Structures are given as structure tokens and as C-alpha cells.
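User: Could you take a close look at one part of this model for me, the place where the two chains meet? I'd be glad of one connected account.

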There are 2 protein chains.
Amino acid sequence: MAALDRSLISRLLLFQGLTPDEQSEILRDARSSRYAKETAIFEQEAEAHSFFVLIAGHIRVVRTTPDGQQVIARYISEGEIFGVAAALGRTTYPASAIAAVDCVVLAWPNALWPDLAGRFPVFGAATYRTVGTRLQETQTRVVEMSTEQVEQRVAHALLRLANQTGRKTDSGIEIDFPISRQDIAEMTGTTLHTVSRLLSKWEDNGIIVSGRQKVTVKDAHRLVVLAENRDKR
Amino acid sequence: MAALDRSLISRLLLFQGLTPDEQSEILRDARSSRYAKETAIFEQEAEAHSFFVLIAGHIRVVRTTPDGQQVIARYISEGEIFGVAAALGRTTYPASAIAAVDCVVLAWPNALWPDLAGRFPVFGAATYRTVGTRLQETQTRVVEMSTEQVEQRVAHALLRLANQTGRKTDSGIEIDFPISRQDIAEMTGTTLHTVSRLLSKWEDNGIIVSGRQKVTVKDAHRLVVLAENRDKR
DNA sequence: GGAACAATTTGCGCTGGCGCAAACTCAAGA
DNA sequence: TCTTGAGTTTGCGCCAGCGCAAATTGTTCC
């Protein structure tokens, strides 16, 4: 097995503050894998054996209820760490991670976490910063679910996707992985029907353009207005 | 200022695995304070200066939206650590912490976190375990908000309160701090009216007894049935 | 003890958004 | 080219739960 090249991670926020040598050292313990579109990197409830960094692609983190309903917890973008059960003292993954497109992923055995975090404190700190951000984002989502109408929630979700994973094109900000109405519904706690109706309306108004598993935000500003609509209540 | 007594924390899960001497050592840097009912330990958006352990009482963690709506993120019980912005690399508190009853709290300056977590790894690990649990609970709440009806959510909320902070009495499990219909509404994303109607119905059915700022669960089993009701969908 | 206030209960009407069903459209493979 | 199937759109009816309002009950502080 050839050693992995430092260039894989040197540009990632997560590994900033480490010397080139340290970056190489961390990489020595990593294993690289590819996952085809729609395959699982890990499954909810499964014994957690590794933690991961996404090198290329997009990953959907999904929780499934006992009766089979799915909720999308978040999307993971390039450069992010995920599946950090080890860092939080958990022995199983609380959700499944599914490749939304073909992905390249680095994996480290969980057993190495204490050692790595100890030897490279800035790496540990960056990881916990990520965890903190996610906790806050998740709480924000609870607040949104509690206080906002469906239209606002969907608008917020699109804006978040556009910001985090949007690719600027001449016709607007395009979400650069396939995302269905059903996916958006599972991110916002509604149905694909309602999402479809909203997107249709917004397309009529020139706020977005959308197609099959594709959304492009043309007028983010008006979407913000919708998202923050303080009409009711 | 007299040194704080180790007995304050020796029985707490958070400090298990530390020797008596280590416990005393940690305590040397702590400051103890009392907070009267309904006063704030810290405020949302405020610069985070300390992290805390609740010694006595109950604390409500609240997020307020720009337009003034409140959502209760969680309740903190005795022995829990909270306000751990430092451990997650955040500089402000993402929510306010309000004493639900008169409280006693230990506080450590944030600046000490790296040092303490480094010197007492089991303490750091326990803290991150707590963070992990909270992240998972928060995500569970998103799932509930996305997939359950109001009745199920309120039932779940009561069960959680009963489990976490319930006091067994001869007439059932009593939630041992004052909690209003409004509070329950802010935990479940509904209105105090709907909560009131549900509690009334449940009281008629003998599942609970409730009064002013008080709920006692008499028949947890039937509440579980309501919470897991897989009727619809 | 009583006034003032806070929390709760309950009725009523309305509606956002869901469930269901059917039609339609696009993409990929045979 | 045609078929097949997945993703999407849209119409329609309905109801859970909200907003509003008023009555009621329990607490607290003069």
C-alpha cells in the first residue's frame, strides 16, 4: 500500500496549524476508500470502528425512525470530519452516512483517536470546534422546526445548501449534487408534495430554477426575505 | 474565601475516576455561586467566560429567536456540566441558562479549560461524552419534530422529564420543579393551549395528575403507548 | 382578608399543509 | 426506438392544531 499524499489534506481547515511532517504522520494511519453513489459509509446503530474525513463528494447523514421514516440530519461537504463517535465516547453511530455522489473518504480506526488527539492538539480542537458548530446548527434546526412555517423552513434549507455546497454558475448558485424533492422534505419535516408546490411557485416568481434532482438559486436575496418572513404570530 | 469541599462533587458522575486529591485540585479553581429562581446564569450571545456544573437546582436552557419567541433547548439537572462553550471552541453562549428554581452552581473560567482537560483526561472525556449525548438528544428531537404529531411529542417530553428529573412519590412520578404549560409548549413546538387540552384529557384518563406548574405522571406505561403511537402515516 | 395578577381551561372558527390519487416528464437501458 | 421506472407536478378534500377570546382558578402581596 502506497503512502497517501499529504496534498490530500494539507489544504483542509481541519489540518491547519499542523506542520507538513505532522500532516504526513497523521496520514500514515489513514486508509483511503471510495464509495459509489448511494452506498453507505456506515450504518445507524452499527458498532463505530472508525472516524472519517471526506476528501471528495457529498455525504448525506440520515436518521431512520423505528417505523422507517427518514430524516436527513445534515450533508457533509469536502474537507469535513464525520462519524466522530470516538471523540464523543460513543460506541455506535447515531445515524447512517450515505454517499450522495461517488465519494473518496479517509478513515482512521477509532482506537487511534485518543493518541492522535493527544499528539496533535490543534487537530483535536478543530474536531471539537466542528462538533460545537454541529450542535449549534442542530439546535437552530429545532428552533426553526418549532417556530417557523414550512415555507420558511424550506427557504432556510435551500439557502444553507446554497451557502455550504453551492457552485456559482452564470445562472445562479447551483447545488452541486443531486437532491430530490423528497430529500428536501426530509430536511425540513414536510412532504415532497409541499416542497414541489413551493419550488414551483418560486420558479414562477423567478427566485429559483429547478429540475430533476437539481435546484439553482437565482435570487438568494428574495429567498432570504421568504426565510425571515416575520408575518404570522 | 474558604476552599470548597470535595464532597460537593465527589459523588458526581462527571468527576468519577479522579482521585480525591485530584477532585480537590479541580475544585481549587472553581467558584461557587447561588442564583435565585428565574435569574440568568448566562445569556445567549454573551461572551463566554466560564463553564459550569450544577450542584443544586434545575436550569432551563432557552434559545430566543430574533422576533422574541422562546424555545427550551433542555433542562439541566444536578451534577451536569453546562455552558461548555470553551470545550467546543466557541466564544459566545448559544443560549441562555435560567435558574428554574434557586440554584447552586460551580464556575470555572474558560481560560482554564485546556489546562484542566489536559491534566485530568477522564474529566475531559466525561465532558465530551456529555456533549455527545446532547448532540444525539438534540438530533432525536429534530426527528421527533419532523415525524410525530403534537400529542406524541408532548408525551415524549413528559416521559423524558419524568425520567431525568422525576421524583417518585406514592401517587406517581412527580416532576420536581415548577413547569408551566407554556414551558412544555416551548419544549415541544406547540402552544400552551394545545398542551393544556392534552393534559386535561390525560388527567381525565387517569394517566397524569397536574396542577399549577406541576405535573405528576401516574401511568407512565400508557404515556409510552401514546408517545409511540404508530397510527398515522 | 381581599385585590391584583399569573396560570390554566375551554369554546369556536379557520387554515396550512397533509394524505391520496392521478397525470406527467425525463433519463437510462434494452 | 420503445419501455420502464423514478422523480415530479397538481387537484381535491380534510383535519390537527393554531389564533383569538373569555371565563375560571389558584397565588401572592398588600
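This is a predicted model: local features need pLDDT of at least 70, side-chain atom pairs count only at pLDDT 80 or more; totals for chains, interfaces and linings use all residues.

Residues are numbered from 1 along each chain as its sequence is written, chains are lettered from A and ligands numbered from 1 in the order in which they are written, and side-chain values use heavy atoms, with hydrogens and water left out.

Chain B brings 33 residues to the contact and chain A brings 33 residues, where contact means heavy atoms within 4.5 Å. Between the two chains, 6 residue pairs are in polar contact, both residues at pLDDT 80 or more. (A polar contact is a pair of N or O atoms within 3.5 Å; within protein, one must be able to donate a hydrogen and the other to accept it, and residues adjacent in sequence count only if both atoms are side-chain atoms.) On the chain B side, strand S5 (70-76) and helix H3 (121-147) are the elements that give two or more residues; helices (H or I, at least four residues) and strands (E, at least two) are DSSP runs, numbered from the N terminus. H3(B) supplies the largest share, 17 residues. By class, this side of chain B holds 12 nonpolar, 12 polar and 9 charged residues, with Ala, Val, Leu, Ile, Met, Phe, Trp, Tyr, Cys and Pro counted as nonpolar, Asp, Glu, Lys and Arg as charged, and the others, Gly among them, as polar. The count of salt bridges between chain B and chain A is 0, a salt bridge being a side-chain nitrogen of Lys or Arg within 4 Å of a carboxyl oxygen of Asp or Glu.
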